[in-house]
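Hello,

Here is the structure we talked about. Please open it alongside this note.

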Amino acid sequence: MYVFSAKGAAFIASLGQRPRIHGTHNKVRALKARFTSGPFRSIVGVMPQSLSKVIVHIIFGTKDRETWLGLDVRPRMHAYLATVCRDLGAEVVRVGGVADHVHIVTTLPRTVSQAQLIEQIKKVSSKWIKKLDARYRGFFWQRGYGAFSVSPSQLEAVLQYVDTQQEHHRTRTF
């Protein structure tokens with residue numbers, strides 16, 4: 001395979017081998033990008049801080065989908081989940097769910113990975129509910145989770161879905 005540098009020298013690279021200048025064993029020099037003019041310079045020059053606005057819809061359930069979150073504790077759990085998210089630097093948009101799972105719509109903090117955010121939410125809230133009352137000593141969240149990015153144009157539809165979880169999961173007898 002041939003690769004060309006900024007100076008036009010040809011390189012031959014094989015899978016599993018270090019790229020070499022054709023005919024020699026010299027090291028390949030890395031190309032460096034410099035923004036000296038144009039729109040890129042103005043963007044890089046005026047943005048010393050990091051900015052992020054990633055909206056995530058997170059879903060996870062109780063272990064074995066047991067119905068731990070009855071109507072008596074569910075509002076408190078949802079409020080606590082929102083508090084944990086805010087403490088981690090996330091902007092909570094909505095928390096909802098039913099007796100065996102929760103939905104959280106929030107922003108992803110720029111300093112925390114998605115896995116870290118969810119791990120902390122589950123860990124802290126699990127400890128909290130176990131201390132709330134002796135009947136919750138056996139409470140656990142399931143190991144897995146679902147996390148989906150939400151486009152700002154679809155945010156209202158997702159919020160409507162979270163708000164209507166009771167109806168969505170209602171069972172009917174015929």
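Predicted model: local features only at pLDDT ≥ 70, side-chain atom pairs only at ≥ 80, totals over all residues.

Residues are numbered from 1 along each chain as its sequence is written, and side-chain values use heavy atoms, without hydrogens or water.

Four strands make an open, antiparallel sheet, ordered 5-6-4-7. (Strands are DSSP E runs of at least two residues, helices H or I runs of at least four, both numbered from the N terminus; pairing takes at least two DSSP bridges.) Strand 5 (92–98) and strand 7 (146–149) are the edges; each has a single partner strand, so one side of each has no neighbour in the sheet. Strands 4 (55–61) and 6 (101–107) pair over seven bridges. I55 has T107 as its bridge partner in strand 6.

Helix 3 (114–132) packs on the sheet and touches strands 4, 6 and 7. Contact means heavy atoms within 4.5 Å.

Helix 2. This helix covers residues 74–87. Its buried residues are R74, M77, H78, L81, A82, V84 and C85. They sit on the same side of helix 2, because they cover an arc of only 160° around the axis (taken from the directions from the helix axis to the C-beta atoms). Their cover includes strand 5, strand 6, helix 3 and helix 5 (165–168). P75 and D87 are exposed, on the face turned away from the buried side. Buried means under 20% relative accessible area, exposed over 50%, and partly exposed in between (1.4 Å probe, protein chains only). G89 follows helix 2, with a positive phi near 95°.

Best wishes

How values were computed: Axes fitted to C-alpha atoms, helices over the stretch in contact; angles between N-to-C directions. Expected span 1.5 Å × (residues − 1).
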